[in-house]
Amino acid sequence: MAIRKSNKLSHAAILKQILKSCSSLGMKQGYDDEYHLPIDVPKGHFAVYVGENRTRFIVPISFLTLPEFQSLLRQAEEEFGFDHDMGITIPCDEFVFRSLTNSMLR
């Protein structure tokens, strides 16, 4: 049985890319000087921006392992990519995002 190589990144590689993007937003006001992370984001969480108004949500890193959240991240990558200054932007209505994340917390 031959092993086929996929052109797509593995889930682990995608998660590493996302975390790197979240933690490399640069030194801006409100960021920790040593680690370059937003001061208002608790350890074990990261910020995403959702909807037309780009409302900021703080979500637990554990969401990265959930298929539902991974689907949102794939949509974000397709629409926006991960290389922009604002951080991860989720192309989703805020109400839908809240409902989905609330169900993930249960």
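This is a predicted model: local features need pLDDT of at least 70, side-chain atom pairs count only at pLDDT 80 or more; totals for chains, interfaces and linings use all residues.
1. The side chain of Thr101 comes within reach of the backbone oxygen of Arg98, at 3.2 Å. Thr101 belongs to helix α3. With a relative accessible area of 9%, Thr101 is buried, the cut-off for that class being under 20%.

2. The overall layout is as follows. The protein comprises three helices and three strands, and their order from the N terminus is α-β-β-α-β-α. Buried residues make up 32% of the 106 residues of the protein. Where contacts join residues at least 6 apart in sequence, 44% of them are between residues at least 24 apart.

3. Phe97, Thr101 and Met104 are buried in α3. These residues lie on the same side of α3, because the arc they cover around the axis is only 50°. The packing partners of the buried residues of α3 are β1, β2, α2 and β3. At the start of α3, the backbone nitrogen of Phe95 has a side-chain oxygen of Asp93 within 3.1 Å.

4. Helix α2 may be examined in the same terms. Its end C-alpha atoms are 18 Å apart, which agrees with the 18 Å that 13 residues should span at 1.5 Å a residue. Phe69, Gln70, Leu72, Leu73 and Ala76 are the buried residues of α2. They cover an arc of only 155° around the axis, so they fall on the same side of α2. Pro67, Glu78 and Glu79, on the other side of α2, are exposed. Gly81 follows α2 and has a positive phi, near 75°.

5. On the nonpolar core: the largest one has 16 residues, and the residues with the most contacts inside it are Phe46, Val48, Val50, Val59, Phe69, Ile90 and Phe97. Two or more residues of this core are supplied by each of β1, β2, α2, β3 (88–90) and α3. Helix α2 gives the largest share, namely four residues.

6. Aromatic pairs number three in this model. Phe46 and Phe69 are buried.

7. Phe57 and Phe97 form a tilted aromatic pair, with 4.9 Å centre to centre and 55° between the planes. Phe57 is in strand β2 (residues 55–60) and Phe97 in helix α3 (residues 94–105), so this pair ties together parts that are 40 residues apart in sequence. Phe57 is buried, as is Phe97.

8. What does Phe69 touch, not counting residues up to four places away in sequence? The residues are Phe46, Val48, Val59, Phe63, Leu64, Phe97 and Met104. Phe69 also takes part in a cluster with Phe46 and Phe63, linked by ring pairs. Its contact list includes Phe46, Val48, Val59 and Phe97, and those four are among the residues named as having the most contacts inside the largest nonpolar core. Two further entries to consider are Phe97 and Met104, both of which are buried in α3.

9. A last point concerns Pro60, which is placed in strand β2. Is Pro60 buried or exposed? Pro60 counts as buried because its relative accessibility is 18%, and buried means under 20%. Apart from neighbours within four places in sequence, Pro60 is in contact with Gly44, His45, Phe46 and Leu105. Val41 is 19 residues from Pro60 in sequence, and their C-alpha atoms are 9.9 Å apart in space.

Technical notes:
Residues are numbered from 1 along each chain as its sequence is written. Side-chain values use heavy atoms; hydrogens and water are left out. Rings of Phe, Tyr and Trp (its six-membered ring) pair if their centres lie within 6.5 Å; planes under 30 degrees apart count as stacked, over 60 as edge-to-face and the rest as tilted. Buried means under 20% relative accessible area, exposed over 50%, partly exposed in between (1.4 Å probe, protein chains only). A nonpolar core is a set of buried Ala, Val, Leu, Ile, Met, Phe, Trp, Tyr and Cys residues joined through side-chain atoms within 4.5 Å. Contact means heavy atoms within 4.5 Å. The arc is that of the directions from the helix axis to the C-beta atoms. A polar contact is a pair of N or O atoms within 3.5 Å; within protein, one must be able to donate a hydrogen and the other to accept it, and residues adjacent in sequence count only if both atoms are side-chain atoms. The expected span of a helix is 1.5 Å times one less than its number of residues.
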